[in-house]
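The stops below go from a sheet to the helices packed on it, and then to single residues.

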Amino acid sequence: MSTIRIAIIGLGYVGLPLARLFATKYPVVGFDINQHRIDALEKGIDTTLEVDKATLQAVIKKNNDTNNGLFCSSDLDAISNCNYYIITVPTPIDKNNRPDLTPLYKSSEAVGKVLKKGDIVIYESTVYPGATEEECIPVLEKTSGLKFNTDFFAGYSPERINPGDKLHTVDKILKVTSGSTPHIGLKVDQLYNSVITAGTHLAPNIKVAEAAKVIENSQRDINIAFVNELFKIFNILNIDTHAVLEAARTKWNFLPFKPGLVGGHCIGVDPYYLAQKAQEVGYHPEIILAGRRVNDGMGTYIASQIIKLMIKSNIKVNNAKILVLGFTFKENCPDIRNTKVIDVIEELKSYGTAVTVYDPWAKPQEINEHYGINAVERLPEAKFDAILLAVAHDTFLKLNLNDYLDTNGLIYDFKGVLTKEDDLIT
């Protein structure tokens, strides 16, 4: 291939930053089935807030020509002249915590319709080891009529995007790469290495790259589950968990994990992909699933702790006014996918409380569409019986939460970020 032309399939939290980066050096077509998303991007607007307007406008182009830059489209024909196809669609789980590969199947089928001899298809979506070659490649072959590793080739380079992180951007995070043959592995590695300033690591094959990705987040999930369990134990012992962790982290090799509501599209999802594959081959993963059970149960636990504290403070629970600050899955980020704050809210409501949700980073309309929760657009001028700091957005840390408390009201700071002067209860 003398001229590299790249198609990015899926322009979300992963695809857009990658497309923007490649567009500084190559002609890139960003494909997404959401026309509203395309319309916004053409105006230089990224609703995920991963790419600022000036940076995006610097690469956006109106024509699908061979000049460097990013052309966005929902028309499949727009990517037909590309020779590298990078698929960055989400890989969620269903209500039973089983991997849902529907987005991968559909995007593979779409690419298969325009696939040509010599093309390379690279997957970035998080999957279990073997999914690319066992699930995606057959779709490409069936749709295109081409033969894998003869007519077209594949690669896998797991995404490592950290939503909301403006320090560890895509170009500054070392990229794992792989290919369906040694030669293709080198080509994929060279492609990414041409724009990733942090460098690349070429894995020996696709399965190794897939496994590396899925264990990264599984490891974090297990570590957070450990400190979440410590949080429960120390609560019983009437010990400040955050003070314990602060003391323990003075040792050079102590891992500084904190208690948390583990949501989002990676840590709260990826372990189920690995667990599913392990079970398919006859192994029951005990530690991975135990960590998932602990973390998935934290929302209910936090709600129960708030209710207990209210009872101890002689606050009438039924119809009690509770303010939940934060709904996104992490701080300073608009991403509400798989947020575990919803678990806290639903449990609090089951006690008959009146819950008000406020998050300046999330759009109330999206919260309502995805979770059926009517969040408020502005922090209400009212008094509450209890306030839960669920997400540590910087804007919340500047508030005097006591101004929003009723007499004998309480603040529950699960994140442990407030000062003692704020009368926090953890």
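Buried means under 20% relative accessible area, exposed means over 50%, and partly exposed covers what is in between, with a 1.4 Å probe and protein chains only. Helices (H or I, at least four residues) and strands (E, at least two) are DSSP runs, numbered from the N terminus. The model is predicted: local features need pLDDT of at least 70 and side-chain atom pairs count only at pLDDT 80 or more, while totals for chains, interfaces and linings use all residues. Residues are numbered from 1 along each chain as its sequence is written, and side-chain values use heavy atoms, with hydrogens and water left out.

**Stop 1: the sheet**

Select β4 (84-87). Tyr84 and Ile86 point one way from this strand, Tyr85 and Ile87 point the other way, and all are buried. In a regular strand the side chains alternate between the two faces of the sheet.

Now extend the selection to the whole sheet. In what order do the six strands of the open sheet run? The order is β3-β2-β1-β4-β5-β6, and the pairing is parallel. Two strands count as paired if DSSP finds at least two bridges between them. β3 (69-73) and β6 (153-156) are the edge strands, each pairing on one side only. From one strand to the next the twist averages 20°.

Trace a row of partners across the sheet. β1 and β4 pair over four bridges in the parallel sense, and isoleucine 8 has isoleucine 86 of β4 as its bridge partner. β4 and β5 also pair in parallel over four bridges; here isoleucine 86 is partnered by isoleucine 122 of β5. Strand β5 (residues 120-123) in turn pairs with β6, parallel and over four bridges. The partner of isoleucine 122 in β6 is glycine 155, and tyrosine 123 stands opposite tyrosine 156 of β6.

Stay on β6 and show its side chains. Both faces of this strand are covered: Phe153 and Gly155 on one side, and Ala154 and Tyr156 on the other, are all buried.

**Stop 2: helices on the sheet**

Select α4 (102-114). Which helix packs against α4 at an angle of about 35°? The partner is α5 (residues 131-144), and the two axes are 8 Å apart. Axes are lines fitted to C-alpha atoms, for helices over the stretch in contact, and angles run from 0 to 180 degrees between N-to-C directions. The crossing of α4 and α5 is right-handed, the term for a near helix turned clockwise from the far one by less than a right angle.

Contact means heavy atoms within 4.5 Å. On the α4 side, the residues in contact include Leu104, Tyr105, Ser108 and Val111; on the α5 side they include Cys136, Val139 and Leu140.

Helix α6 (residues 182-193) is the next selection. α6 lies across β1, β4, β5 and β6 and runs at about 65° to β5.

**Stop 3: aspartate 100**

Go to the loop between β4 and α4, where aspartate 100 lies. Aspartate 100 counts as partly exposed because its relative accessibility is 26%. The side chain of aspartate 100 makes a polar contact of 2.6 Å with the side chain of threonine 102. A polar contact is a pair of N or O atoms within 3.5 Å; within protein, one must be able to donate a hydrogen and the other to accept it, and residues adjacent in sequence count only if both atoms are side-chain atoms. Leaving aside neighbours within four places in sequence, aspartate 100 is in contact with Thr91, Pro92, Ile93, Asp94 and Tyr273.

**Stop 4: serine 218**

Select helix α7 (residues 206-236) and find serine 218 in it. Is serine 218 buried or exposed? Serine 218 is buried, because its relative accessible area is 4%. A polar atom of its side chain lies 2.8 Å from the backbone oxygen of valine 214. Apart from residues up to four places away in sequence, serine 218 touches Asp270, Pro271 and Leu274.

**Stop 5: two asparagines**

Most residues other than glycine have a negative phi. Asparagine 332, in the loop between β9 (321-325) and α12 (341-350), has a positive phi near 50°. Asparagine 332 counts as buried, at 19% relative accessibility. Asparagine 408 is in strand β12 (residues 405-413) and has a positive phi near 65°. At 58% relative accessibility, asparagine 408 counts as exposed.
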